[in-house]
Amino acid sequence: MAQVLTGIQKAAILMIALGAENSSQIVKHLGDVEIEQLTLEMSNVGRISPEQRDYVVDEFHQMCIASDYINQGGIEYAREVLERALGETRAFEIISRLSTSLKMRPFDLVRRTDPKQLFSFIQGEHPQTIALIMTHLPVDKAATLLASISPERQADVAKRIATMGRTSPEVLKEIEKVLERKISSLAPTDYTTSGGIQSIVDVLNRTDPGTVKVVMDALEMEDPELAEQIKRQMFVFGDIVMLDDRGIQLVLREVETKDLGLALKGANPEAAQKIMANMSSRAAQMLKDDMEFMGPVRLRDVEDAQQRIVKVIRKLEESGAIVISRGGSDEIIY
């Protein structure tokens, strides 16, 4: 191509090529600044030649394929497949561009390791090392890993995640050597931000209630201020009382009746009363009858049902359908 296109120009051309309907789905996932920049560029795009359009769409397609290969087997696997398909030069261009745009994170292979296997490998490591590794794992894996750690170490690791700031590339690389998990030479050389309150909140929200209790009880004794910060951002089943009536009703539409009955078996009276108040008299009575018919139930089954309902609540919150008031001067506005 005669003209060298910038990244934002390519994005604008791609959006135009995809058409209004498909482009609108992409815009939903962009931030305000990105939308503003992209809209401005799209308005400035003149006539797009078929060659330009095909070049941008083809490049985007190849980067999507490369990204999929990376998810399957890591960056080296992607590089090998692309070299065989497109040649060494073209493969290098795609991988370089993709690694820059995705800012390839450390611990690439560790993130694909089964949490149980990972636990057996790192259980003897220092709590700071375990905390650092957990901040680079998907939250579900990190939650599983936290639950696997001995109770006396859980709060220590949780605190280290919550108070962690920046970690230098040298430290990350040294830990990776110990774990025999080397990252690509294309890894960024700037400082990596990891951890923080939201990081440990995400982990605790996805682990079992028993682990949450152990961690929070210990943190409340050791660092009450940090424990309070974490609690303000967490959501457990009992916090359903923080939802208004409309929010409760939206949740009730999404959950299974069996899960609701099980969850209420272990709920505090305030939560149970608020849920029942948002059901019709007939539905509330049927729910009470179902709970009586269940008889004694295992605590684990109750906790699992509560977790499933909490997942529904978090999903509704993320979509903007409901707003959770977490205390202070928070107000719910619809």
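Select helix α12 and colour I197, S199, I200, V201, V203, L204 and N205, which are buried (under 20% relative accessible area with a 1.4 Å probe on protein chains only; exposed is over 50%, and partly exposed lies in between). Helices here are DSSP runs of H or I with at least four residues, numbered from the N terminus. Because seven of the 10 residues of α12 (residues 197-206) are buried, this helix is largely enclosed by the rest of the structure.

The model is predicted, so local features need pLDDT of at least 70 and side-chain atom pairs pLDDT 80 or more, whereas totals for chains, interfaces and linings use all residues. Residues are numbered from 1 along each chain as its sequence is written, and side-chain values use heavy atoms, without hydrogens and water.

Next, select K10 in helix α1 (residues 7-18). K10 counts as buried because its relative accessibility is 16%. Display E59 as well: the side chains of K10 and E59 are joined by a polar contact of 3.1 Å. Beyond its neighbours within four places in sequence, K10 is in contact with L5, Y55, V56 and E59 (contact means heavy atoms within 4.5 Å).

Finally, select helix α15 (residues 245-254) and helix α19 (residues 299-319), whose axes come within 10 Å and cross at roughly 120 degrees. The crossing of α15 and α19 is right-handed. On α15, show L250, V251 and E254; on α19, show I309, V312, I313 and L316, the residues that make the contact. These residues of the contact of α15 with α19 comprise six nonpolar, no polar and one charged.

Notes
Helices (H or I, at least four residues) and strands (E, at least two) are DSSP runs, numbered from the N terminus. A polar contact is a pair of N or O atoms within 3.5 Å; within protein, one must be able to donate a hydrogen and the other to accept it, and residues adjacent in sequence count only if both atoms are side-chain atoms. Axes are lines fitted to C-alpha atoms, for helices over the stretch in contact, and angles run from 0 to 180 degrees between N-to-C directions. A crossing is left-handed if the near helix is turned anticlockwise from the far one by less than a right angle, and right-handed if clockwise. Ala, Val, Leu, Ile, Met, Phe, Trp, Tyr, Cys and Pro count as nonpolar, Asp, Glu, Lys and Arg as charged, and the others, Gly among them, as polar.
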